[in-house]
Amino acid sequence: MQLTRTDVVDAAVALLDEYGLADLSMRRLATSLGVAPGALYWHVANKQALLGAVADRILLRAAATDLPAEDEWDARLLAVAGALRDALLSHRDGAEVVAASLAARQVSVPIRDRLAEPVRAAGLAEDEADPAALAVLHFVLGATTDEQSRMQLDSLGALPDDEGPVALGTDAAAGFALGLTLFVDGIRHRVRTLER
């Protein structure tokens, strides 16, 4: 069987889910595929490019989410941000992989543009819409990275008893929803200020 880039990314995602980012190495990936490590470099230039492909796979799920039918910009922004959080949480260390790949400019899925569209629809000018979308993106990545880190600590028994799974799930979801609401309120306030 001929190895394809899709095979490589599929195997990398499976290893990420099983072992986490810290243990996702090119050597382990090659072993799981039954090839020499050098064979991987026909499909990805290096580990950072591999992580970019994994990040794209994660982000495609968020980018493919259907937006609400209503024309309200805030509902669309909440839907994109919520879909992004869900996509990140669907893979172990998903937020960390995506954040690192975005910083390294290794991501091709235009998730920031997807967040900027409803912000523009709110009435912000281009020079403010893009930074606002970036701020929302950073919030989603940061909140989700924190949530995933705490879940991993909890699975190792490293969290205090009063911060177990029930509190983790409830607080993380509620905190995320509140944070997004504050962004929406801030954008709405900024638009009103500019209209005066």
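I'm working with a predicted model here.

**Overall look.** I counted up the secondary structure and got nine helices and zero strands. I then checked the extent of the C-alpha trace, which spans about 65 × 45 × 30 Å along its principal axes. The protein has 196 residues, and 39% of them count as buried. For contacts between residues at least 6 apart in sequence, I found that 72% join residues at least 24 apart.

**The core.** I went to the largest nonpolar core, which holds 55 residues. Leu29, Leu77, Leu84, Leu88, Leu115 and Ile187 touch the most other members. The elements that give it two or more residues include helix H1 (5–19), helix H5 (73–89) and helix H9 (165–195). H4 gives the most, with nine residues.

Next I picked Leu77 and asked what it is in contact with, leaving aside neighbours within four places in sequence. I got Leu115, Pro118, Val119, Val136, Val184 and Ile187.

I looked up Glu147, which sits in helix H8. Is Glu147 buried or exposed? Its relative accessibility is 9%, so I put it down as buried, since the cut-off for buried is under 20%. Not counting residues up to four places away in sequence, Glu147 touches Arg85, Leu89 and Ala172. I also noted that Glu147 and Asp171 are 24 residues apart in sequence and 9.4 Å apart in space, C-alpha to C-alpha.

Technical notes:
Residues numbered from 1 in each chain as written. Predicted model: local features only at pLDDT ≥ 70, side-chain atom pairs only at ≥ 80, totals over all residues. Heavy atoms only, no water. Core = buried A, V, L, I, M, F, W, Y, C linked by side-chain atoms within 4.5 Å. Buried < 20%, exposed > 50% of the residue type's maximum accessible area, 1.4 Å probe, protein only. Helix = DSSP H or I, 4+ residues; strand = E, 2+ residues; numbered from the N terminus. Contact = heavy atoms within 4.5 Å.
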